[in-house]
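I opened my notebook to look up a few strands and charged pairs. Here is what I wrote down as I went.

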Amino acid sequence: MNAPVDVSFFARAAKPLTSYRKYWAARFGTAKFLPTSRKEMDALGWDSCDIIVVTGDAYVDHPSFGMSVIGRMLEAQGFRVGIIAQPDWQSAEPFKALGKPNLFFGVTAGNMDSMINRYTADRKIRSDDAYTPGDVGGARPDRAAIVYSQRCKEAWNDVPIILGGIEGSLRRIAHYDYWSDKVRRSIVVDAKCDLLLYGNAERAIVEIAHRLAAKEPVQQITDVRGTAYVRRETPDGWFEINSTSVDEPGRVEAHVNPYLMVSDQAKANGATCAKEDEAEAVAKAAEAAGSAAGSVVNPAIKPLNFVPDPALQSRGKISVPPRDRSVIRLPAYEQVRSDPVLYAHANRVLHLETNPGNARALVQAHGEGATARDVWINPPPIPLTTAEMDHVFDLPYARSPHPRYADENGSHDGATKIPAWEMIRFSVNIMRGCFGGCTFCSITEHEGRIIQSRSEDSIIKEVEAIRDSVSGFTGTISDLGGPTANMYRLGCKSPAIEAACRKPSCVYPGICPNLGTNHDPLIKIYRRARALKGIKKILIGSGLRYDLAVQSPEYVKELVQHHVGGYLKIAPEHTEQGPLTKMMKPGIGSYDKFKQMFEKYSAEAGKKQYLIPYFIAAHPGTSDEDMMNLAIWLKKNGFRADQVQTFYPSPMATATTMYHTNKNPLRKITRESETVDIVRGDKRRRLHKAFLRYHDANNWPLLREALKSMGRADLIGNGKHHLIPTWQPLTDGGYTSARRKNSTSAPVAAKAPVRLAPVKPSKGRILTQHTGLPPRDNGAGTGNKGGGKPVNKPSRKVR
């Protein structure tokens, strides 16, 4: 049985969230919705807000939205909290809508990094925004956290700015920015915020709010875990560990005397070395013969004598400074901007210092001379206990968008629907964190790798609340999950090992023997939830870690027979070891094992169900041959991918470091360390995507050219064993995705071989998914001339 999370070091390392004395404004009680206007403040009897949260998302009062969690948490502490959602950033006036906050502005770009929200992996602007009413793009600026912070400062210059959210969390040090293709400074410097809160910030925001309410200057709040800020110098009492370079000698006290012979070592251990003794006897005989011949030994020549450095000795052992008073100096911004090797080194150090049990503070210099300053990053926040997780999720959320977004019927299901809300409307978040450590993912960097789980009663209480209070509920819970579907209550068997471990993943290259894999608590929740009156179906929509699932056949049986709605999405990401080792993902053999169990239990239940595997194109470490082999595997197994996921270099991710530096930070970084194959350039990225969509006739010309150049023309032909055919139908150069609103339908493929002649789409229509730009004429065909009726019926105009 797994040890409960609460018995660990982390349960005893921080002040409980519920132990603070409430602020005096608690007398105003709880608001149905946190106010977004002066009129709403007046209705609550408020003359001012203590804290104003500025967010790039529409205000949805639900625990899946960060601004609501922080707002409700602060409200529970007695503070009056207002929300400014998706303000017009062209001036500071919208940031004055609720007046001047008494304590601070809390700023977040929203649930997503604003650049990922606004741009595709091909750097094309999106036409949609799932966090905006009506799914309309353009409601937030690029780099929203910086823009909002600057506008708040313009509105009220003397009000502290507390920056949070995933955008700030992933940009806390100097980082590679994919959209500008350069290394940018820490967001702390660019946003000019007083404090940055990274990771899940409930613990930090509550402490900071109470200290500011007690009139403590924000400049003196420098000891809160999970925060970053600017300071000029390292304070007294701290031990600074210099890690600003690579390939330098280490400590010398352990060096062995190079003149020490094997026989000397043997004698020191009470033994002898016969061969060296014999060689020594021969040498002595030769020396005697030399002396007889008149040779003279120079007495001034003596062997070197190596001694340990007394400064590094303490009672015979190396003196290591205490971790809680140690700070690691990373290479400065100017260094990592110009030197990819040092960038990779800094990223590796940061990821090694992410366990709250043993992480040390980090510091990185920005600027030189009079402008020089350090970005100081305190160790990560202590994870929440189960009782604290319950407290966060049991707060009085309205569980719906703010009434200001309702349509004329008072509904949120029409033209003002918020897709992100619709997706989680009937879902329940049961845990946080992920110990998978996938290099392309930022969950671990933000939420941490320590799993924080809610109690069973709290989860069931939320399921009942959805059943009884959420409009439109038909009896189906869309998800019981979190960052992953099946890490609930999983963790290290040993609290001591958990607090000391520095591994980036608990499941790569294999499952750690210290990791508990018991799925019984999760099975119990599934069964209890689906037995509730009024609950017809409990589906699992979160990503499944199938290498963990196969450790519990009973869990797989429960999942497959009761919680799959015909299709189950899982993410092997690739089939080849080259990219898999750079992703830190298990081999395809784990997928095959899970597939066998999935099909077995589906057959036992008499159900026809299917696995839908997800794959990534153009990930660092992926060769053209790797993608070709993946395409062959897909065809062999009968898969036709509709939506293709191309590697997206998000800030601070390990794979992003590979992309920028060509180095592998999963290993020690040196000037001569491993070089990673990087997929750059539009042509090669298109090729890798084309291999994933080998069945799309629009990709066949590109694939034919590539297969011939790779010496694999044997894969071109009209047989079942070929990857692509020799004939080419009439196509338009695009493809239709599941997201039809962002696609242009292709004409029906011709049966007979014809010359490729893409059709020019009508002006102002979207050509492919996720693009917000008018289609481009690629010059390959004349298409629809003369202003006649367009061949393809488009589904949506460009806004």
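**Entry 1: strand partners.** I began with a definition: two strands count as paired if DSSP finds at least two bridges between them. I also reminded myself that this is a predicted model. Then I looked at strand S23, residues 567-573, and found five bridges joining S23 to strand S24, residues 610-617. The two strands run parallel. Which residue of S24 is the bridge partner of Tyr567? I found Tyr610 there.

**Entry 2: how enclosed is S23?** I took buried to mean under 20% relative accessible area. Five of the seven residues in S23 are buried, so the rest of the structure largely encloses this strand.

Entry 3: I picked out Asp113 and Arg171, whose closest N and O atoms are 3.0 Å apart. Asp113 sits in the loop between strand S4 and helix H3, and Arg171 in the loop between helix H5 and strand S6, so the pair ties together parts 58 residues apart in sequence. Are they buried or exposed? Asp113 has 4% relative accessibility and counts as buried; Arg171, at 3%, is buried as well. I also noted that Asp113 and Arg171 belong to a salt-bridge network with Arg143 and Asp177.

**Entry 4: two further pairs.** Asp190 and Arg185 form a salt bridge, with N and O atoms 2.6 Å apart at the closest. Here Asp190 is buried at 11%, while Arg185 is partly exposed at 30%. Last, I looked up Asp457 and Arg528, which meet in a salt bridge at 3.0 Å, N to O. Asp457 is in helix H15 and Arg528 in helix H17, 71 residues apart. Arg528 is partly exposed, at 33%.

How values were computed. Residues numbered from 1 in each chain as written. Predicted model: local features only at pLDDT ≥ 70, side-chain atom pairs only at ≥ 80, totals over all residues. Heavy atoms only, no water. Buried < 20%, exposed > 50% of the residue type's maximum accessible area, 1.4 Å probe, protein only. Helix = DSSP H or I, 4+ residues; strand = E, 2+ residues; numbered from the N terminus. Salt bridge = Lys/Arg side-chain N within 4 Å of Asp/Glu carboxyl O.
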